[in-house]
There are 2 protein chains.
Amino acid sequence: MKRYMIGIDLGGTKIAAALVDDRGRVYHEMTMLTHAEEGLTPVIDRMEVCLQTLLDQADAPVAGIGIGAAGMVDSVHGIVIQASNLNWQAVPLRQLILDRIGRDWVNRVWVDKDTNAAVLGESLYGAGQGCKHLLYVTVGTGIGGGMMLEGHLYHGATQGASDIGHLVLNKSGQLCGCGKRGCLETLASGPAIVRMTLERIAAGEASLQAKLDPQILTARDVVEAAQLGDELGRSVLAEAGEWLGMGLAYYVEINNPERIIIGGGVAAAGELLLGPVRQAIAKWALPANAKAACVVMAGLGAESGVVGAATLGFSVLSLPPPHA
Amino acid sequence: MKRYMIGIDLGGTKIAAALVDDRGRVYHEMTMLTHAEEGLTPVIDRMEVCLQTLLDQADAPVAGIGIGAAGMVDSVHGIVIQASNLNWQAVPLRQLILDRIGRDWVNRVWVDKDTNAAVLGESLYGAGQGCKHLLYVTVGTGIGGGMMLEGHLYHGATQGASDIGHLVLNKSGQLCGCGKRGCLETLASGPAIVRMTLERIAAGEASLQAKLDPQILTARDVVEAAQLGDELGRSVLAEAGEWLGMGLAYYVEINNPERIIIGGGVAAAGELLLGPVRQAIAKWALPANAKAACVVMAGLGAESGVVGAATLGFSVLSLPPPHA
């Protein structure tokens with residue numbers, strides 16, 4: 001029998017919501033701007049509008065609601081502990097949503113960090129199908145991770161696991177937003193790629209692509225130029241890929257995954273990024289562990305956020321619970 | 001009702017075996033030299049002698065046999081994939097033992113790497129009691145790890161997880177036995193501590209302890225001198241502890257453990273090592289993750305090898321199976 005889950009991807013810029021079936025197919029979907037600067041209540045209001053609209057449209061039962069949020073999340077209690085791009089701290093998101101949609105939904109609303117939603121979505125419907133041990137890494141404005149071990153999402157002792165972006169790889173490197181220096185995020189994220197490109201241009205390296213205008217340069221520009229053959233762009237992506245691979249090598253030595261899935265905006269670079277990532281893992285990890293870890297592109301595209309969020313519920317309802 | 005497990009700790013130097021009850025208490029125990037250079041069969045012969053002797057002595061049922069082996073182990077099939085100090089490759093240890101003691105024991109003989117046995121032993125009877133997310137690290141001739149996540153031993157996709165000793169921390173560092181440079185093992189193991197001490201003495205640093213004789217110096221000497229106040233010894237242990245803490249910070253960011261247990265010969269240094277370890281974790285990991293990870297000394301002493309090995313069986317027989 002057909003049934004749906006509602007998936008909500010809550011980001012700093014927009015709220016994406018969709019009715020998703022248990023095969024990961026997206027039916028109705030809608031997007032609203034987050035406007036977090038207006039405060040908490042308007043954001044919850046907009047999430048409620050999305051929920052009510054999609055519930056009204058559902059032609060089959062809605063089993064539950066999954067919410068993936070950008071930030072640190074206590075998935076047990078459904079609390080967004082910290083989300084800097086929403087300016088949220090200790091927001092009891094699950095409770096706030098239940099207050100709007102009613103107690104009937106208790107035990108059927110799940111909140112987790114967006115990268116955990118993404119790894120679940122990839123494992124069920126994307127590039128991680130058939131894998132029990134996998135890491136999803138998003139490379140965009142920041143670098144974050146979500147991991148599955150033995151076929152289950154892993155959160156750690158205090159919900160702090162898979163913090164890939166803040167592995168310190170270069171002790172004398174750039175200051176990171178977290179207060180440390182040389183975190184992976186300062187070496188391979190979108191802003192890092194822009195910074196490295198501008199540094200190289202300032203140092204006199206020429207770019208063939210007129211598009212690489214220092215004033216308005218984005219990581220997407222660098223990726224597109226590189227794909228058209230720009231040597232500077234390719235070289236910067238290779239450097240970012242090397243750093244990313246070095247960070248992932250630590251993950252590979254510690255957790256011995258079978259698949260590493262790269263998503264996020266910078267992943268659009270494809271093999272220009274993934275090739276150097278694979279080489280770096282082979283260089284820095286033990287051969288058996290490096291060989292076991294297959295590095296691939298994310299399989300779910302623009303819909304990965306809502307599909308992953310929906311999967312937060314399906315994974316609980318469809319699969320045996322962990323350690324039952 | 002009382003019941004026993006036989007635990008065997010198989011190392012390059014000796015075979016330790018004991019009758020252990022399900023509260024982790026050691027009854028009869030025996031030790032034989034391994035003499036791996038005599039070949040495989042004599043080692044299996046000696047293990048059989050231990051087993052038969054202990055079985056004869058048991059005044060209650062023996063539920064099973066756990067074997068912890070130094071090296072890479074395929075715990076699913078009971079195969080020692082590689083053990084350099086035994087000069088073993090792809091040795092089907094469980095099958096060889098079953099051939100000696102009979103098919104009655106099938107499904108009641110467990111083989112795993114010694115550090116996995118150790119983390120289980122610590123979790124049930126030692127410094128990890130009550131913890132679901134813990135890492136055991138042995139610091140001795142080498143550096144190895146064993147980890148438990150969600151209350152269960154974690155092996156990884158291809159049994160290569162928790163390879164803490166080969167995290168590369170200093171790209172331009174010493175050549176490691178694995179072929180890479182600057183692995184944690186080259187920076188904080190017993191031989192690394194000896195090397196660092198000798199380098200400092202050669203560079204003119206004086207040691208107060210006459211015991212620090214360059215010709216016959218051991219890590220134990222350095223630890224003992226440091227405990228007696230030797231500044232050089234203390235400084236070297238602090239440096240080793242800093243490197244160890246830096247490696248553990250990667251583990252802390254990735255897996256968010258609640259406890260890290262330090263064992264092995266060098267752990268005898270106690271706070272002289274653990275203090276710098278804690279400081280380095282606090283320096284290199286995010287505050288919430290660093291705070292969650294309590295660093296402690298191993299709780300099981302000289303008997304940890306046999307108790308841990310015995311626990312390999314008790315953990316299967318007494319606890320719910322993982323993901324049942």
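User: Where does Asn256(B) lie?

Analyst: Asn256(B) sits in the loop that runs between helix 7 (231-255) and strand 12 (259-263) of chain B. Helices (H or I, at least four residues) and strands (E, at least two) are DSSP runs, numbered from the N terminus. This is a predicted model, where local features need pLDDT of at least 70, side-chain atom pairs count only at pLDDT 80 or more, and totals for chains, interfaces and linings use all residues. Residues are numbered from 1 along each chain as its sequence is written, chains are lettered from A and ligands numbered from 1 in the order in which they are written, and side-chain values use heavy atoms, leaving out hydrogens and water.

User: Why is Asn256(B) called buried?

Analyst: Its relative accessible area is 0%. Buried means under 20%, exposed over 50% and partly exposed in between (1.4 Å probe, protein chains only), so Asn256(B) at 0% is buried.

User: What is the phi of Asn256(B)?

Analyst: It is near 50°, a positive value in a residue other than glycine. Most residues other than glycine have a negative phi.

User: Why is Glu150(A) called partly exposed?

Analyst: Glu150(A) has a relative accessible area of 23%, so it falls between the 20% and 50% cut-offs. This residue is in the loop between strand 10 (143-149) and strand 11 (152-153) of chain A. Its phi is positive too, about 55°, although Glu150(A) is not a glycine.

User: How do you know that the buried residues of helix 2 of chain A are on the same side?

Analyst: Helix 2 (residues 93-101) of chain A has Leu93(A), Ile97(A), Leu98(A) and Ile101(A) as its buried residues. They cover an arc (from the directions of the C-beta atoms as seen from the helix axis) of only 130°, which puts them on the same side of helix 2 of chain A. Among the elements that cover them are helix 1 (40-57) and strand 4 (62-69) of chain A. After helix 2 of chain A comes Gly102(A), with a positive phi near 105°.

User: How do you know that strand 2 and strand 3 of chain B pair?

Analyst: Two strands pair if DSSP finds at least two bridges between them, and strand 2 (residues 14-21) and strand 3 (residues 26-33) of chain B share six bridges, in the antiparallel sense. Ala17(B) stands opposite Met30(B) in strand 3 of chain B. Their hairpin has four residues between the strands, and Gly24(B) takes a positive phi near 80° there.

User: What makes the two copies related as by a two-fold rotation axis?

Analyst: A rotation of 180° with 0.0 Å of shift along its axis superposes chain B on chain A (RMSD 0.0 Å). The copies are thus related as by a two-fold rotation axis.

Terms used. Least-squares fit on C-alpha atoms with pLDDT ≥ 70 in both. Contact = heavy atoms within 4.5 Å.
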